[in-house]
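Trainee: I have not seen this structure before. Could we go through it by question and answer?

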Amino acid sequence: MRFLPLTEPDRQAMLAKVGVPSVDSLYADVPNGALLKAPIAGLSNHMSEMEVERFIGAMARKNLGTDQAPSFLGAGAYRHHVPAAVDHLIQRGEFLTSYTPYQPEVAQGTLQYLFEFQTQVALLTGMEVANASMYDGATATTEAVAMANRVTRRKKAVISGGLHPHYREVVETHGRHTGFDTVSAPLDASGKEDIARHLGPDVSCVVVQNPSFFGHIHDFTKLAEAVHAAGALLIVAVTEIVSLGLLSPPGEMGADIVVAEGQSLGNPLGFGGPYVGLFAVREKFVRQMPGRVVGQTVDVDGRRGWVLTLSTREQHIRREKATSNICTNSGLCALAFTMHMTLLGEAGLNKLAVLNHANASNLADRLGAIPGVKLLNESFFNEFTLQLPKPAIGVVEALATRRILGGVPVARMVKDKAAENLLLVAATELTTEAEMNAFEAGLKEVLK
């Protein structure tokens with residue numbers, strides 16, 4: 001690799017330091033030396049650019065994407081329309097190539113949009129201050145639990161059975177390896193759990209979700225009162241940020257920390273990422289908030305400017321004092337979120353949320369009327385849970401052969417016999433009447 005600044009003397013010095021005679025000897029433990037140079041089955045040793053495009057394209061066409069078939073997938077990742085202006089603008093060189101602003105004085109544009117991002121997140125969540133930003137909703141939830149542990153000086157998190165299973169697993173994994181306990185309530189497909197019964201003097205926080213993983217809408221005001229009376233913090237997760245265009249924000253319910261997945265605004269599904277985590281807190285906890293905060297100020301000439309503030313991270317101070325495991329803000333995804341939110345405005349977000357809910361209500365009425373199908377939700381935003389008369393995984397696979405992406409089987413995310421027949425179904429502003437007709441007809445046929 002000619003671009004690497006390594007000369008033969010450099011390599012010899014490295015080998016001498018390691019104590020081996022050659023680079024090949026570094027691979028001496030590989031059972032069969034021929035494996036190091038064996039060709040990859042089915043892959044040519046060389047291809048032209050055109051051949052590579054054809055080869056990769058053929059592989060990609062094996063996927064049934066959400067833009068190729070009626071899609072009712074959700075479970076924390078939602079198909080929404082992203083304005084063309086967003087995609088166009090974030091590909092400008094000054095945005096696409098910029099990174100974390102370690103030298104704030106030369107990154108005023110980046111800092112300004114992050115400041116606007118923080119403002120939007122705080123307004124959406126009903127909180128006083130937000131950071132910029134986290135990797136995704138799951139890691140943001142884990143960071144929230146770690147923050148609650150620091151604030152309360154306790155080490156036990158109570159996790160709702162309505163929290164997204166992936167979020168719960170990330171929290172539990174961090175708990176095992178960083179030294180805090182988790183109490184995970186059973187799956188709450190009915191939306192009627194009594195999570196407050198797990199409170200105790202050693203609990204640092206209670207983690208809930210709204211709408212829940214199963215689509216149920218909750219008012220956590222009374223829960224917040226119980227949590228605070230026990231000396232703990234209430235963490236509310238939101239996987240569908242568009243829901244806050246209609247629902248009361250967690251801050252109004254008494255949440256201490258709000259975490260969310262921002263993918264729905266500005267960021268396409270992308271087969272799983274990259275996404276952007278949102279994180280907002282009460283101002284009194286701001287010094288324990290992980291990540292970075294951008295503040296507005298004035299320079300010596302009175303001109304408005306932006307700076308990083310309270311930037312307690314391992315790049316800036318001692319690692320053991322850092323408040324975050326996350327090293328990078330999801331800058332470009334945060335910018336896409338901000339652009340989409342700006343184009344919508346408050347009225348536009350409300351209209352978008354109304355359209356999502358209307359489509360989901362229409363679809364729920366149709367599917368819930370199919371013999372053998374039961375709608376488990378009394379309330380929902382744009383996603384709901386169906387109980388089918390047979391295992392949901394087989395139903396979804398049968399629908400896929402009919403080129404319909406018929407939702408997410410709960411059993412694919414949790415190992416629980418009670419989840420076997422449960423199907424999560426989502427509808428957004430992109431869901432058409434024709435797609436609903438196809439899903440309804442397909443489900444009827446598969447369930448015969």
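Trainee: In what order do the four strands of the open sheet lie?
Mentor: This is a predicted model. Strands of a sheet pair through backbone hydrogen bonds, either parallel or antiparallel. Here the pairing is antiparallel, and the four strands form an open sheet in the order S10-S11-S13-S12.

Trainee: Which are the edge strands?
Mentor: An edge strand pairs on one side only. That applies to strand S10, residues 374–375, and to strand S12, residues 408–409. The edge strands are therefore S10 and S12.

Trainee: Which residue in S13 stands opposite Val408?
Mentor: Strand S13 covers residues 422–426 and pairs with S12 in the antiparallel sense over two bridges. Opposite Val408 stands Leu424.

Trainee: Is Cys333 buried or exposed?
Mentor: Residues under 20% relative accessible area count as buried. Cys205 is buried, at 0%. Cys333 has 10% relative accessibility, so Cys333 counts as buried.

Trainee: How many disulfides does a search of the whole structure find?
Mentor: A disulfide is a covalent bond between the sulfur atoms of two cysteines. For the whole structure, the number of disulfides found is zero.

Conventions
Residues are numbered from 1 along each chain as its sequence is written. This is a predicted model: local features need pLDDT of at least 70, side-chain atom pairs count only at pLDDT 80 or more; totals for chains, interfaces and linings use all residues. Side-chain values use heavy atoms; hydrogens and water are left out. A disulfide is a pair of cysteine sulfur atoms within 2.5 Å. Buried means under 20% relative accessible area, exposed over 50%, partly exposed in between (1.4 Å probe, protein chains only).
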